[in-house]
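Please find below my notes on the model you sent. They are set out as numbered points, with cut-offs given where a term comes up.

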Amino acid sequence: MVAYLLPRFSGGWVFGPGVAELEEVMVQWVCSTVVGYPQGSPCGGFLTSGGSEALLSALLCARRVRFGEDLHGQEGRPHFGRGIVYITELTHHAVIKGAVLAGLPKANVRVVAAKPRGSVGSADSLDLLKASPLEMDPHALEEAILRDKDAGDIPFMVVATCGTTSVGCVDDMEGIAAVAQSHGLWMHVDGAYGGFLAGLTD
């Protein structure tokens, strides 16, 4: 309602200091209260209009961190055209769309096998998130990464999901994070559907 009545530009402090500050406060609240980062942690971000824009932004950030501004492999840098992104069949279709918009061939988005989740949680909100029937298999993820590395490709990003829009599946965040850290991949968590449940206490 506020954004509709006062459509101010929030992309710069000079043009809209009030809304720019509001965005900064909101992002810090999400980082500390919802995600659980300690106060003063070097975290940040910006608000988007929806999940598709957020996923595209994450892909572009990961691309820049891994490949810099040289996307053609000049001066000894890796070629972005060999970059690989990992998802499951339940991941939102916006990831593939965003990868293509970011300049990747569609074939460079690898679909990792999902496996049944072992246990059903209790009434606690975090346990409910873990009660989904399927999740990305971290072992299958690592096998795919090693296979792509052997083929000369450059794995650089994995997209985990905290609540798929189809059936509410939640991936094994800790298992995926361990594999991503081991191989130097950017890990993005699509929490548009269930991410904020992690901040609930009741």
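1. The charged end of Arg66 sits over the ring of Phe67, 5.6 Å from its centre. Arg63 does likewise with another ring: its charged end sits over Phe80, 5.5 Å from the ring centre. A charge is taken to sit over a ring if NZ of Lys or CZ of Arg is within 6 Å of the ring centre and within 35 degrees of the ring normal.

2. A word on the source: this is a predicted model, in which local features need pLDDT of at least 70, side-chain atom pairs count only at pLDDT 80 or more, and totals for chains, interfaces and linings use all residues. Residues are numbered from 1 along each chain as its sequence is written, and side-chain values use heavy atoms, with hydrogens and water left out.

3. The structure holds three aromatic pairs. Rings of Phe, Tyr and Trp (its six-membered ring) pair if their centres lie within 6.5 Å; planes under 30 degrees apart count as stacked, over 60 as edge-to-face and the rest as tilted. The pair of Phe67 and Phe80 is edge-to-face, because the ring centres are 5.2 Å apart and the planes stand at 75 degrees. This pair links distant parts of the chain, with Phe67 in helix α3 and Phe80 in the loop between α3 and β1, 13 residues apart. Helices (H or I, at least four residues) and strands (E, at least two) are DSSP runs, numbered from the N terminus.

4. Since Phe67 lies in helix α3 and Phe156 in strand β5, the pair ties together parts that are 89 residues apart in sequence. Phe67, Phe80 and Phe156 form one aromatic cluster.

5. For Phe67 the relative accessible area is 0%. Buried means under 20% relative accessible area, exposed over 50%, and partly exposed in between (1.4 Å probe, protein chains only).

6. Four strands make up an open sheet, in the order β2-β1-β5-β6, with parallel pairing. At its edges are β2 (109-111) and β6 (186-190), each of which pairs on one side only. Neighbouring strands of the sheet are turned by 25 degrees against each other on average, direction ignored. Two strands pair if DSSP finds at least two bridges between them. Between β5 (residues 154-161) and β6 there are five bridges in the parallel sense, and Val158 stands opposite Met187 in β6.

7. Helix α3 (residues 51-67) lies across β1 (83-87), β5 and β6, and runs at about 150 degrees to β5. Axes are lines fitted to C-alpha atoms, for helices over the stretch in contact, and angles run from 0 to 180 degrees between N-to-C directions. Ser57 is also found in helix α3. At 16% relative accessibility, Ser57 counts as buried. Residues up to four places away in sequence aside, Ser57 touches Phe46 and Thr48. Contact means heavy atoms within 4.5 Å.

8. Asn108 lies in the loop between α4 (94-101) and β2, and is buried, with a relative accessible area of 9%. Apart from neighbours within four places in sequence, Asn108 is in contact with Gly81, Arg82, Gly83, Ile84 and Val85.

9. Where is Tyr193 placed? Tyr193 belongs to the segment after β6. The residue is exposed, with a relative accessible area of 53%. Its contacts, leaving aside neighbours within four places in sequence, are with Cys162, Gly163, Thr164, Thr165 and Gly168. Tyr193 and Ser166 are 27 residues apart in sequence and 9.8 Å apart in space, C-alpha to C-alpha.

10. For the chain as a whole, there are seven helices and six strands. From the N terminus on, the elements run α-α-α-β-α-β-β-α-β-α-β-α-β. Of the 202 residues, 36% count as buried. Among contacts with a separation of 6 or more, 60% come from residues 24 or more positions apart.
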